[in-house]
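Here is a short note for a colleague opening this structure for the first time. Please read it point by point with the model in view.

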Amino acid sequence: MERWRARKVVIVGAGAVGSTFAYALAQSGVADEIAITDMDANLAQGQVMDLAHGLPYYPNVQIYEGTAHDYRDAHVIVITAGSKQRPGESRLSLISRNVGIIESIMDQIAGQESQAVVVLVSNPVDILTYAAQKRVNWPRGRVIGSGTVLDSARFRY
């Protein structure tokens, strides 16, 4: 018999998208634990503190600043990290920088022997999802991009 373990989600990137995702997830009751990581530890810590103020109004959930060690027992890892396009920067240059970031994160996830499903939200999502999957070569369905839904929503808007 398999031992029960908490439904754990790790969010990589504590910017606007990552923090909004964490807020919505906390309200949903889907996760028992939410770990938020960011290269800027102060940003991650600040987002965790802000979200913690709402704990009395959420279903039971633990929210904390995570580390790469949290990848090991996560069920889902949501990657929102990536650089923004700089003024005058080409889309190709942005892609190159963000592929490097995603590959580094995927190396950390694989290094923890994580069995999680990875959901990419970073921009441009379709290319970065492909780069992430290629980097780890996991079975189909373990690396997912949200691009189709996001692009469809933008189109409908």
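1. Aromatic pair. The count comes to 1 aromatic pair, by a rule that pairs rings of Phe, Tyr and Trp (its six-membered ring) if their centres lie within 6.5 Å. Tyr 23 and Tyr 58 form it, edge-to-face, at 6.3 Å centre to centre and 75 degrees between the planes. For the labels, planes under 30 degrees apart count as stacked, over 60 as edge-to-face and the rest as tilted. The pair links distant parts of the chain, 35 residues apart: Tyr 23 is in helix H1 and Tyr 58 in the loop between H2 and strand E3 (62-65). Helices (H or I, at least four residues) and strands (E, at least two) are DSSP runs, numbered from the N terminus.

2. Basis of the model. This is a predicted model, in which local features need pLDDT of at least 70 and side-chain atom pairs count only at pLDDT 80 or more, while totals for chains, interfaces and linings use all residues. Residues are numbered from 1 along each chain as its sequence is written, and side-chain values use heavy atoms, with hydrogens and water left out.

3. Around the pair. Are the two tyrosines, Tyr 23 and Tyr 58, buried or exposed? Tyr 23 is partly exposed, at 41% relative accessibility. Tyr 58 is buried, at 12%. The cut-offs are these: buried means under 20% relative accessible area, exposed over 50%, partly exposed in between (1.4 Å probe, protein chains only). Val 61 is in the loop between H2 and E3. It is buried, at 8% relative accessibility. Val 61 and Tyr 23 lie 38 residues apart in sequence and 11 Å apart in space, C-alpha to C-alpha.

4. Strands E1 and E2. E1 (residues 8-12) and E2 pair in the parallel sense over 5 bridges; two strands pair if DSSP finds at least two bridges between them. Val 9 stands opposite Ile 34 in E2. Val 12 stands opposite Thr 37 in E2.

5. Burial of both strands. Why is E2 described as largely enclosed by the rest of the structure? Because 5 of the 5 residues of E2 (residues 33-37) are buried. E1 is mostly covered too, with 5 of its 5 residues buried. In a regular strand the side chains alternate between the two faces of the sheet. In E2, Glu 33, Ala 35 and Thr 37 point one way and Ile 34 and Ile 36 the other, and all are buried. In E1, Lys 8, Val 10 and Val 12 are on one side and Val 9 and Ile 11 on the other, again all buried.

6. Largest pocket. About 960 Å³ of space lies in the largest pocket. On a 1 Å grid over the protein atoms alone, a pocket is an open set of points with protein on both sides within 12 Å along at least five of seven lines; a cavity is a set where a 1.4 Å probe fits but cannot get out. The volume is the space filled by probe spheres set on the points, which are joined across faces, edges and corners. The lining has 39 residues, and the closest to the pocket centre are Thr 80, Ala 81, Gly 82, Ser 83 and Ser 122. Lining residues have an atom within 4 Å of a point.

7. Make-up of the lining. Which elements give two or more residues to the lining of the largest pocket? They are H1 (16-28), H2 (41-52), H3 (91-111), H4 (125-136) and H5 (147-156). H3 gives the most, with 7 residues. The lining divides into 17 nonpolar, 15 polar and 7 charged residues. Here Ala, Val, Leu, Ile, Met, Phe, Trp, Tyr, Cys and Pro count as nonpolar, Asp, Glu, Lys and Arg as charged, and the others, Gly among them, as polar.

8. Backbone points to check. A cis peptide bond joins Asn 123 and Pro 124, with omega about -5 degrees. Pro 124 is in the loop between strand E5 (117-120) and H4. Glu 113 is not a glycine, yet has a positive phi of about 55 degrees. Glu 113 lies in the loop between H3 and E5 and is exposed, with a relative accessible area of 56%. Asn 137 also has a positive phi, near 55 degrees. Asn 137 is in the loop between H4 and strand E6 (143-145) and is exposed, at 65%.
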